[in-house]
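This report follows the sheet of the structure shown below, and then turns to the helices and the core around it.

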Amino acid sequence: MNPFFPDAFFPRVEEIEPAFLHQQGLQGVIVDLDNTLAPRHCAVCPPSARAWLDRLKADGFRLLLLSNSPSRRVRQYEEQTGVPSIPSAMKPLFGAHGRAIRRLSLPPSRVAVIGDQIYTDILGGNLAGAYTILVGPLSKGSDHLWTKLVRWVEKPVLHAYFKRHP
Ligand SMILES: [Mg+2]
C-alpha cells in the first residue's frame, strides 16, 4: 500500500464517528493538534473538538495527543481535554508514532492515527502500522511558512488519492 495514502478521509475530525472506528477494529486514537483538533493559533480547545474527544473516551477508546508543537501549547490542551499528550514529537521522524502507539499499550493495527498532514501524520502512522485518517486542515491561512511549503508538496499526493477515492 502507498505509505502516503490514508486509509480514510474525513473533512472534519468531529465527523469521525466512534461506530466507524469500532467497525475498523480500532481501540486507540492518536490525534494531531494543530489544524486537526484546533486552528494553529487557538489557545482554547474548540467545544466541538472537546465534545468529540469526550464521546470517544465514553466509548472506551484510549486517546493520545501527538503534536510537533512545543510543550507549553500541547500541555494546555492536555489540561483542557484530559487527554494525555506527547509534545515536540518530531513526526514523522525518530519513531514518534511508534512511541505514541506503545504508550497506548495496543498493537499498531488497533490504533487510528488522525491528522491533517500527509508527510507527518499519515506517513508516520502508516510506517508504524496504524490505521490512518486524513482530515481537512482547519486553517490553512495560519500555517507556518514551512507547513505552507509542505502543503504545496502534498498536492500531487492528495490529487492522486482523491482521484482513486472520489
Ligand atoms: Mg497538523
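A residue is called buried here if 20 or more other C-beta atoms lie within 10 Å of its own, with C-beta atoms placed from the backbone. By that criterion, both faces of β6 are covered in this predicted model: Y131, I133 and V135 are buried on one side, and T132 and L134 are buried on the other. Because five of the five residues of β6 are buried, the strand is largely enclosed by the rest of the structure. In a regular strand the side chains alternate between the two faces of the sheet.

**The sheet**

Six strands, paired in parallel, form an open sheet in the order β1-β6-β5-β2-β3-β4. The edges are taken by β1 (8–10) and β4 (85–86), each of which has a single partner strand, so one side of each is left without a neighbour in the sheet.

| Strand pair | Bridges | Bridge partners |
|---|---|---|
| β1 and β6, parallel | three bridges | F9 and L134 |
| β5 and β6, parallel | four bridges | V113 and T132 |
| β2 and β5, parallel | four bridges | V31 and I114 |

**Helices against the sheet**

Helix α5 (residues 118–127) is mostly covered, since eight of its 10 residues are buried, among them I118, I122 and L123. These buried residues of α5 pack against α4 (96–103), β5 (111–115), β6 (131–135) and α6 (145–164). Just after α5, G129 takes a positive phi of about 85°. Helix α4, for its part, lies across β2, β3 (62–66), β4 and β5, and runs at about 150° to β3.

**The core**

The largest nonpolar core has 38 residues, and those with the most contacts inside it are I30, V111, A112 and I114. At least two residues of this core are supplied by each of β2, α2, β3, α3 (71–81), α4, β5, α5 and β6. Leaving aside residues up to four places away in sequence, I30 touches L64, L66, H97, A100, V111, A112, V113 and I114. In soluble globular proteins, nonpolar side chains tend to be buried together.

**A partly exposed loop residue**

C42 is placed in the loop between β2 (28–31) and α2 (47–58). C42 counts as partly exposed because it has 18 C-beta neighbours inside 10 Å. From C-alpha to C-alpha, C42 and Q80 are 13 Å apart in space, while 38 residues separate them in sequence.

How values were computed:
Residues numbered from 1 in each chain as written. Predicted model: local features only at pLDDT ≥ 70, side-chain atom pairs only at ≥ 80, totals over all residues. Buried ≥ 20, exposed ≤ 12 C-beta atoms within 10 Å, placed from the backbone. Contact = placed C-beta atoms within 7 Å. Pairing = 2+ DSSP bridges. Axes fitted to C-alpha atoms, helices over the stretch in contact; angles between N-to-C directions. Core = buried A, V, L, I, M, F, W, Y, C linked by C-beta atoms within 7 Å.
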